[in-house]
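Hello,

Here is the structure for you to look over. My notes on its salt bridges follow.

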Amino acid sequence: MTGRATAEGRRAAVLGSPIAHSLSPVLHRAAYRELGLAHWSYDRFDVDEAGLPGFLAGLDASWAGLSLTMPLKRAVIPLLDEVSDTAASVEAVNTVVLGADGRRTGDNTDIPGMVAALRERGVEKVESAAVLGAGATASSALAALARICTGPVTAYVRSAARAAEMRGWGERLGVDVRIADWAAATEAFGAPLVIATTPAGTTDALAVDVPDRPGTLFDVLYEPWPTPLAAAWSGAGGGIVSGLDLLVHQAVLQVERMTGRSPAPLDVMRAAGGNALR
């Protein structure tokens, strides 16, 4: 399937495993319609690390780009011809642009996507921040904070191993990372910006401790939405940035890189994503 040329236009897709839940096709197809790219297609393929080299080898000249999700963001790096500085900084590629000459260029739109999502909600600079969690998304959060946070970032983690990882990312990214135990996670709520990077359900029990006048919460989840923490935060008058905001902003950058068309239709893509989640 991946090797068959399509005379009608260009192809793109999102790869990962599992992948059935991905909203990327909804967002990219909405952008193509709005941009008048009637002969562009965007699909999803369930591909794991073992299957990735073969999938890439089977792509023909009709392919313009790929979006990557777990578990492929790091596994793809040795298979690329070039990796952007942004992607290299966190050793994670979520975007591959395929050149006419077959050259594969890896990039990371999660990091500038986070910055853009925050900027849209009026957060351009903060003096300090807190990160809940220490998984793969947390490293992207630190990279985004390296661009907008002028002071320390406190990471709330569950283990010494995770603490060491976050310290390592902080040193690499030039961020003053301070470690705190997850048991004290509600202390994060005093920061002007809190980025929750944990899986669904992890922060639910913290919702009862949201202060009266919170700052901004960036919760990277988008389904179910709102999370209990986001609902409590909004109810207390705090600013909210959602996982859908992140998903749309990073997809906007992917569309622009893959199609060469700019600007991508942010509002149209957000509406399409919101409708798909209803």
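**Salt bridges**

Asp-43 and Arg-11 form a salt bridge, with their closest N and O atoms 3.9 Å apart. The term means a side-chain nitrogen of Lys or Arg within 4 Å of a carboxyl oxygen of Asp or Glu. Asp-43 lies in strand β2 (residues 41–46) and Arg-11 in strand β1 (residues 11–16), so the pair ties together parts 32 residues apart in sequence. Helices (H or I, at least four residues) and strands (E, at least two) are DSSP runs, numbered from the N terminus.

This is a predicted model: local features need pLDDT of at least 70, side-chain atom pairs count only at pLDDT 80 or more, and totals for chains, interfaces and linings use all residues. Residues are numbered from 1 along each chain as its sequence is written, and side-chain values use heavy atoms, with hydrogens and water left out.

Now burial. Buried means under 20% relative accessible area, exposed over 50%, and partly exposed in between (1.4 Å probe, protein chains only). Arg-11 is buried at 7% relative accessibility. Asp-43 is partly exposed at 26%.

Next, Asp-110 forms a salt bridge with Lys-73, closest N and O atoms 3.0 Å apart. Asp-110 is in helix α4 (residues 110–120), and Lys-73 is in the loop between β3 (63–68) and β4 (82–83), 37 residues apart. Asp-110 is buried, at 11% relative accessibility.

Arg-172 and Glu-91 also meet in a salt bridge (2.7 Å, N to O). They are 81 residues apart. Both are partly exposed: Arg-172 at 45%, Glu-91 at 30%.

Shared partners join Glu-120, Arg-121, Asp-245 and Arg-270 into one salt-bridge network. The count comes to twelve salt bridges.

Best wishes
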